[in-house]
Each structure stands twice: as C-alpha cells, then as structure tokens.
Amino acid sequence: MEKVSEPFTTLFIWMNGGWRSIWIGKFEVISVWLNHIVGPGFNNKPSFIKFYEPKTILQKGNSLEISFDNTWEGLKTADGKPPTSFEIAGEDDVFFKAEAVLEKGTILLSSTKVRKPVSARYGWKPFSEGNLTNSAGLPASTFSLNVRRQ
C-alpha cells in the first residue's frame, strides 16, 4: 500500500445503491468528476465533512451501549437490514458475533455467548460488509473499543 503524501490530497468515498467508489487525488481533479456525475450544481470549492465516530462505550448488564458523535439525525443501515459486522468479547478477549439494535445516536450490542461484555469491534476483518451509516448515509469506519476498567 502506498502512502499518499501529496499536499491537498482528498479522499472521497461515493456510495450509491449497490456500488462504491473510493477516489484519492487532488480536489480539483475529483471535483471535475463530481461535476460530471452529480451535475453542474457541485461547485469547485472543498467542503469539509466531520465524520462520525464512536464517542462512549458503556456496559449495561449483558450488553454494551455505544454512542456516536456527529450522526446528524441518528444511525441507520445502508440496506435497511439489522446492523452487521459487530462482535463483542468478555474478559477473556474471545470475540463472538453480536446482535445490534439501533437507537438514534446509539447502538446496543449483545450476544448469548458473552455474559459480561467488555469489548466491541466493528468491521474487524480483512474485508467487511458492514452496513452501519449515519443519517446522511456516510459509512462507519472500522473500530475497536474497550470499556474502561475501574
């Protein structure tokens, strides 16, 4: 994998229906493509999007609750199905597939195989088909979290 070191390089992820495209390059070049795809309404000025990310993780009985920053109007899935690619683990650090329930800006994770979860991760595979997005449709990035031990 090459490191991108060019100044003013832009990473743009485009998701529309069933296809995804990742562009890395100068903003001016990407904006030409966006004008072509989106139409002339896209101006050639950069706009900065603050991506959402996990904010807190709390243990709630046999579940974990993860809250997020910058979800705009909450969380959803790209395909309208239950969230996928979540795993949780107990003190032994053995991860199991987790059931996920969305509640506006939070997600509740549980598994019948983990009685007292302390860790969660999302998309933690070489290739993941995670479907978590924010209300604007931006996909969640891979993450791993641990409950703070007191």
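Strands are DSSP runs (E, at least two residues) and helices are DSSP runs too (H or I, at least four), both numbered from the N terminus. Two strands pair if DSSP finds at least two bridges between them. This is a predicted model: local features need pLDDT of at least 70 and side-chain atom pairs pLDDT 80 or more, while totals for chains, interfaces and linings use all residues. Residues are numbered from 1 along each chain as its sequence is written, and side-chain values use heavy atoms, with hydrogens and water left out.

Q: Which residue takes a positive phi in the hairpin of β3 and β4?
A: Strand β3 covers residues 53–60 and pairs with β4 in the antiparallel sense, over seven bridges. Thr-56 stands opposite Ser-67 in β4. Two residues sit between the strands of this hairpin, and the positive phi, near 65 degrees, belongs to Gly-61.

Q: How many residues of β4 are buried?
A: Buried means under 20% relative accessible area, exposed over 50%, partly exposed in between (1.4 Å probe, protein chains only). β4 is largely enclosed by the rest of the structure, because the buried share of its residues is six of the seven.

Q: Which residue of β9 stands opposite Ser-63?
A: β4 and β9 pair in the antiparallel sense over five bridges. In β9, the residue opposite Ser-63 is Ser-110.

Q: What is the relative accessible area of Thr-106?
A: Thr-106 lies in strand β9. Counting contact as heavy atoms within 4.5 Å, and leaving out residues up to four places away in sequence, Thr-106 touches Glu-65, Ile-66, Ser-67, Leu-75 and Val-101. Thr-106 is buried, with a relative accessible area of 17%.

Q: Which residue has its charged end over the ring of Phe-95?
A: Three bridges join the antiparallel strands β6 and β7, and Phe-95 in β7 is the bridge partner of Ala-89. A charge sits over a ring if NZ of Lys or CZ of Arg is within 6 Å of the ring centre and within 35 degrees of the ring normal. Here the charged end is 3.7 Å from the ring centre, and it belongs to Arg-121.

Q: How far apart in sequence are the parts tied together by Phe-86 and Phe-143?
A: Rings of Phe, Tyr and Trp (its six-membered ring) pair if their centres lie within 6.5 Å; planes under 30 degrees apart count as stacked, over 60 as edge-to-face and the rest as tilted. Phe-86 and Phe-143 are edge-to-face, at 6.3 Å centre to centre and 65 degrees between the planes. Phe-86 lies in strand β6 and Phe-143 in strand β12, so the separation of the parts they tie together is 57 residues.

Q: Why is the pair of Tyr-122 and Phe-143 described as it is?
A: The ring centres of Tyr-122 and Phe-143 are 5.7 Å apart. Their planes meet at 25 degrees, so the pair is stacked.
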